[in-house]
Amino acid sequence: MLNIGLLGCGRIGQVHGATLRGMTTARAVAVSDAVPAAAQALAGSLGAKVMSSDDLLADPAIDAVVIGTPTTTHYDLIHQAAANGKAIFCEKPVDLSVDRIGECLAAVEKAGVPFMTAFNRRFDPNFAHLQRQIADQVIGDVELVTILSRDPSPPPISYIETSGGIFRDMMIHDLDMARFLLGEDPVELHASGSCLVDPAIGEAGDFDTAAVTLKTASGKICQISNSRRASYGYDQRIEVHGSKGLLRAENQLQNTVELANEAGFKRAATEPFFLERYAAAYRAEMTYFVETVASGGVMTPSGEDGLKAQILADAATASAKDGQLKRL
Ligand SMILES: NC(=O)c1ccc[n+]([C@@H]2O[C@H](COP(=O)([O-])OP(=O)(O)OC[C@H]3O[C@@H](n4cnc5c(N)ncnc54)[C@H](O)[C@@H]3O)[C@@H](O)[C@H]2O)c1
């Protein structure tokens, strides 16, 4: 049984807490949050203790930590957790600075503890199946990857201001997915960004509409398109074109029932947002983390994967601003 300390009891902390509640191989023994009421509420539902993050990280009874606090706090928590020998599951992004992520990875390496960057979309059952089909050469050699990712509506401006921008906050998931599906690191990147949804997002120095083209050394091309608003709901799709065929993962709807009548064909609405759309992925990634800590296997996505996605997000941010192609 893996004893886990949960740091951060907000949106994502509650998702991970719910997964741990249903597991037989791990349990959340302690939780911590800067807001005591948030910690109490989650602790009550998990039968866990409320602790300060310092006490939790120093507690020898805790084997692993789940870091679900705001991104700006990850750096210190990773250093403390590594120094105390804990296995670490860290929410994305690891940090908003590539240099600081490098320092986190050095601390993890020095301590020799397992570290996972929580790119949950790799664990989505459909996307994971699609990637396995690529790996099994079902469509031959990959030539073109298209990733579409659109939110139903933008977050509050206060969130935008501290998010690091659309490429580091939102597209980072798609940049990781691109690496996962291409099986190669991009060597070239070009990005475009616009503000078409809300002028306040532009005034905050960000874009709400963005596209990136990536190219690998062998010539594979990936296109990613992001919008902070889709009038029809949360939209997450992937298409991969290969030398012997095509793989496509459709958007996930609330059910698969289609109504056909004289007016045409009508399908269900999309899932509301990421918490519902990726519920299975969140469960699968935590199950994988617990199993991999127990087995001592190689952890993927690793800290290095977190770093490489961040390097791409930084290059995309720069390219969207200066219009230049970036060589990586
Ligand atoms: N993988 C995903 O799909 C996904 C989805 C949402 C959020 N995230 C990431 O998860 C992290 C948290 O996001 P969220 O949406 O849950 O935020 P949130 O604001 O809902 O929750 C964060 C919680 O951490 C608490 N907190 C702040 N500082 C703390 C500290 N030093 N120690 C302990 N608790 C502290 C806050 O009081 C809050 O309750 C971010 O890094 C975010 O990027 C990832």
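This is a predicted model: local features need pLDDT of at least 70, side-chain atom pairs count only at pLDDT 80 or more; totals for chains, interfaces and linings use all residues.

I looked up which element lines the largest pocket most, and helix 4 comes out on top with 5 residues. Helices here are DSSP runs of H or I with at least four residues, strands are E runs of at least two, and both are numbered from the N terminus. A pocket, on a 1 Å grid over the protein atoms alone, is an open set of points with protein on both sides within 12 Å along at least five of seven lines; lining residues have an atom within 4 Å of a point.

Residues are numbered from 1 along each chain as its sequence is written, and side-chain values use heavy atoms, with hydrogens and water left out.

Back to the pocket. I get about 1100 Å³ for the space in it, a volume being the space filled by probe spheres set on grid points joined across faces, edges and corners. I count 42 lining residues, with Arg11, Pro70, Thr71, Lys92 and Tyr159 nearest the centre. Besides helix 4 (71–83), helix 1 (11–21), helix 7 (157–162) and helix 8 (166–169) each give two or more residues. By type I have 18 nonpolar, 15 polar and 9 charged; Asp, Glu, Lys and Arg are charged, Ala, Val, Leu, Ile, Met, Phe, Trp, Tyr, Cys and Pro nonpolar, and the others, Gly among them, polar. Domain 1 (2–113) and domain 2 (122–281 + 308–327) each supply at least three lining residues, with bounds from an automatic or database domain assignment.

Next, the packing. The largest nonpolar core has 70 residues, and Phe167 and Leu181 are among those with the most contacts inside it. Such a core is a set of buried Ala, Val, Leu, Ile, Met, Phe, Trp, Tyr and Cys residues joined through side-chain atoms within 4.5 Å; buried is under 20% relative accessible area with a 1.4 Å probe, protein chains only. Helix 9 (residues 171–182) gives this core the most, 8 residues.

Last, cavities (points where a 1.4 Å probe fits but cannot get out).

Note on methods. Buried means under 20% relative accessible area, exposed over 50%, partly exposed in between (1.4 Å probe, protein chains only).
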